[in-house]
Amino acid sequence: MLTFIISIGLLIVAYFTYGKFVERFFGASSAIETPVKRLADGVDYHELKPWRIFVIQFLNIAGLGPIFGAILGAAYGPMAYVWIVIGCIFMGATHDYFSGMLSIRHDGTSLPDIVGKYLGNNVRKFMTFFTGFLLLAVGVSFVNGPADLLGNLTNMSMTPWLYVIFAYYILATLLPIDKIIGKIYPFMGLALIFMAVAVGGYLLYGGFSGKLYLEELTFDTMKNMHADPANNILFPMLFIVISCGAISGFPATQSPMMARCMTDEKYGRPIFYGAMISEGIVAMIWATAAMAYFGGAEGLNAAATAGKTPAIIVDAICNSWLGRFGAIIAIIGVVVCPITSGDTAFRSMRLIIADALKFNQKPIKNRLIVSIPIFIIAYLLCNVDFSTIWKYVGIGNQVLATITLWTAATYLAKKGKAHWMMSIPATFLSIVCTTYFLIAPYKVGGLYLSPSISYPIGAIVGIALFVLFITKITRNK
């Protein structure tokens with residue numbers, strides 16, 4: 001109980017302290033004209049109120065990650081709390097802030113072009129392909145997932161819902177951002193906020209009343225509590241399973257959309273840093289709820305071994321704790337999460353392709369030229385088993401985040417500022433990703449090497465990248 005309260009408190013306090021420090025260190029200024037003031041086109045560069053942009057950003061980056069990922073991460077025990085809190089404050093929220101503000105400083109351009117400016121054209125080409133694949137993977141997965149959930153909720157076939165969601169995605173990708181996304185996201189946000197507040201409130205009630213046991217972080221629980229520790233090693237698996245809520249590269253693909261709508265740089269902290277802190281709070285709530293519902297990490301592992309998936313666990317928690325009405329609203333919130341990431345994933349993909357081709361997106365015919373091939377491919381992929389590709393989205397997110405962190409570190413170095421707030425997280429995540437590729441089982445993209453080989457090589461690669469970075473920025477001076 002105490003661990004949960006302190007963790008939530010640290011996340012909130014960090015927004016007002018470290019978040020403000022990051023803002024001042026970057027040098028956000030209301031005197032600098034934002035892209036929408038110079039490049040307004042009524043489609044993508046369109047002024048929106050700050051609170052709307054925050055809701056859109058929050059829903060964009062949330063998805064099912066801070067819910068399903070947090071539940072899967074809770075199987076490792078209270079060590080998940082440490083990663084969510086430290087990762088979110090010093091890595092994820094800072095990563096999101098810099099990715100958004102760098103886009104603002106570069107005319108709202110997409111992530112691959114920003115990366116290319118600081119890390120080179122070859123990296124830009126790789127990022128265009130890699131980011132496009134990741135967005136397509138997210139978009140397609142977030143067609144089938146919500147359709148299945150809605151089918152179960154309404155006792156209908158998922159097929160009609162699949163077409164409804166697909167039609168919505170097409171409209172959200174093509175139409176000006178204020179026509180659909182800007183109008184309906186506040187209502188979708190209410191469902192998600194209700195779900196988090198309701199579940200979080202019940203956790204506090206249950207903890208204070210003694211009805212729930214909330215696992216504490218102690219010396220005894222600071223270990224890997226996963227039921228299958230041999231294939232789910234704490235380092236680096238926990239840092240991949242829980243990406244959304246700690247640090248994830250996906251928000252860096254979404255932030256440029258919001259950068260094109262902001263009227264003042266002072267809104268960067270609440271929109272970029274604040275949305276990620278909010279996501280961390282959601283992750284904390286669901287990690288705690290998953291353990292509390294089953295009486296601790298061991299009970300959660302037993303449930304997972306018995307076949308209870310994150311979707312089943314969410315449904316059980318909502319029905320048990322919130323009653324029928326609350327459960328319906330909460331499940332709608334779970335449906336909203338992926339839909340509000342899927343639509344902007346496709347929209348971001350359109351913008352990335354258009355930016356790469358220098359293709360003006362104001363005329364609707366130009367948007368159609370870019371979007372039609374995207375949706376044809378997405379439709380074809382919806383008719384095959386996409387679960388294999390989805391397994392690689394987690395590590396894909398962290399690779400993307402690593403590249404974004406190195407980009408931000410290079411930006412700071414070129415500006416003559418201390419780069420440590422970005423280069424240290426970049427080095428750490430480089431070690432995580434390298435170690436994962438070496439130590440993870442074959443079925444999730446690893447080489448399944450022994451820890452005695454994987455850990456030293458992972459550390460060497462991360463440190464080598466740091467040395468290379470220091471060498472290059474020193475030479476450029």
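**Helix packing**

Biologist: Is the crossing of H9 and H16 left-handed or right-handed?

Modeller: This is a predicted model, in which local features need pLDDT of at least 70, side-chain atom pairs count only at pLDDT 80 or more, and totals for chains, interfaces and linings use all residues. Residues are numbered from 1 along each chain as its sequence is written, and side-chain values use heavy atoms, without hydrogens and water. Helices are DSSP runs of H or I with at least four residues, numbered from the N terminus. A crossing is left-handed if the near helix is turned anticlockwise from the far one by less than a right angle, and right-handed if clockwise; that of H9 and H16 is right-handed.

Biologist: How are H9 and H16 oriented to each other?

Modeller: Axes are lines fitted to C-alpha atoms, for helices over the stretch in contact, and angles run from 0 to 180 degrees between N-to-C directions. H9 (residues 158-174) and H16 (residues 364-382) have axes that come within 10 Å and cross at roughly 155 degrees. Angles under 35 degrees count as roughly parallel, over 145 as roughly antiparallel, 65 to 115 as roughly perpendicular and the rest as oblique. H9 and H16 are therefore roughly antiparallel.

Biologist: And how are H6 and H12 oriented to each other?

Modeller: H6 (residues 79-105) and H12 (residues 250-259) have axes 8 Å apart and pack at an angle of about 40 degrees. H6 passes H12 in a right-handed crossing. The two helices, H6 and H12, are therefore oblique.
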